[in-house]
Amino acid sequence: MAMQKTSFEINNLICSLKTLLPLANSHMVHFITQNIFESLLPKCIQEEITYLSVAEANDLVLGSFSNTKPHNKQAPQLCDFLHQTHKLSLNESELCLSFESLCKHLGSRGLSECSTHIIKNLMSVKKSHEVEMMSGIVDALARSENCTHIVDIGGGKGYLSSVLALKHNMKVLSIDSSHMTSKSAIKQIPKVEVGTEALFYRALLEVYLEKKLHPANGLPHFRVGKIAKKCSSFQEYVHKSVQRLGLNIQVVDSELQELYDSHSESRKQLHVFFLLRLCVAPAIEGLIMLDRLLYLREQGVQDAYLTQLFDPVVSPRCYAIVAFNKTLNGDSQTAQ
């Protein structure tokens, strides 16, 4: 019955996501040149966004991650879009346990109370929150199942492994396929996230390059890298991009300023559009997690649970699967 219900939810979610895939798959580089805002959003939502400030749009989107229905008299259609999109997340699924319900269930298995530790100096607020919650669960599961060693597959920069080893006194092996990621794990370099200003710079650069190069069949796929965070202005960003791409273009700062000023509305549109794309992400994550849950159950692992482990506002990819796999001798082996 559980397997059938999981399969049913997956099929329903796939059908609902079909209309949202163009939004999710859109490339922000072409936001201005391909007029993505007008081509992918309904006219009524476009008009409502025009009357909203960036702050109001931020409040609506962040509010949509909670259980409160978004409300703004100036943007009823946008609010409905956010509400309907939120309903596709795992928060609305009976298959997803709350963290409290999961702890209660695991407690019936003799699971010890989770302990938490935060190393704030090495991590961002988001990463600290994730590691705090995850390390507590892993430690409790390991102690309840008498595990002596932990293998962190896809360990990235080693934040979780470090806390498990240093604060929980566990023997941990962290494995990652990327040599550079594993190397940076030793150095403990925090991740720097690029904001929508960088996305706007890149989209506007595409406009500028089309104007200067006049490509007959469209621009090639230029890769300028994450240089926006090192630039104090759009002019500096273009100069560095042109130099990195090796293009023979005479860059005039006054021309760049005029281009930047003429697209002030595009900057706001890109920001709100990017927020709307973020709202689709939980539904896509939910589909992936349900598919993994179904796979476990198809393999005979019925003691598997899907839960919201993190605060979605702090950490958008907030779901986890906790499963217990029975070995041949009847003992349980924990998998997470």
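Let's start with two helices, α5 and α14. Helix α5 covers residues 54-64, and helix α14 covers residues 264-298. In this predicted model, their axes come within 10 Å and cross at roughly 0°. Angles under 35 degrees count as roughly parallel, so α5 and α14 are roughly parallel to each other.

Who touches whom? On the α5 side, look at V54, A57, N58, V61 and S64. On the α14 side, look at K268, H271, V272, L275 and C279. By type, the residues of this contact divide into six nonpolar, three polar and one charged.

Next, the aromatics. How many aromatic pairs does the structure hold? Seven. A pair of aromatic rings is described by the distance of the centres and the angle of the planes. I'll take two pairs that share Y201.

Pair one is Y201 with F234. The centres are 5.6 Å apart, with 55° between the planes. That makes the pair tilted. Y201 sits in helix α11, residues 196-213. F234 sits in helix α12, residues 234-245.

Pair two is Y201 with Y260. Here the centres are 6.5 Å apart, and the planes make 65°. This pair is edge-to-face. Y260 is buried, like Y201.

Now put the rings together. Ring pairs link F200, Y201, F234, Y237 and Y260 into a cluster.

Y260 takes us to α13 itself. Which residues of α13 are buried? They are E255, L256, L259 and Y260. Note the glutamate, E255, in that list. Why do these residues share a side of α13? They cover an arc of only 135° around the axis, and that puts them on the same side of the helix. An α-helix has 3.6 residues a turn, so residues three or four places apart point the same way.

Last item: what covers the buried residues of α13? The cover includes α11, α12 and α14.

Notes. Residues numbered from 1 in each chain as written. Predicted model: local features only at pLDDT ≥ 70, side-chain atom pairs only at ≥ 80, totals over all residues. Heavy atoms only, no water. Axes fitted to C-alpha atoms, helices over the stretch in contact; angles between N-to-C directions. Helix = DSSP H or I, 4+ residues; strand = E, 2+ residues; numbered from the N terminus. Parallel < 35°, antiparallel > 145°, perpendicular 65-115°, else oblique. Contact = heavy atoms within 4.5 Å. Nonpolar A, V, L, I, M, F, W, Y, C, P; charged D, E, K, R; others polar. Phe/Tyr/Trp six-rings, centres within 6.5 Å; stacked < 30°, edge-to-face > 60°. Buried < 20%, exposed > 50% of the residue type's maximum accessible area, 1.4 Å probe, protein only. Arc of directions from axis to C-beta.
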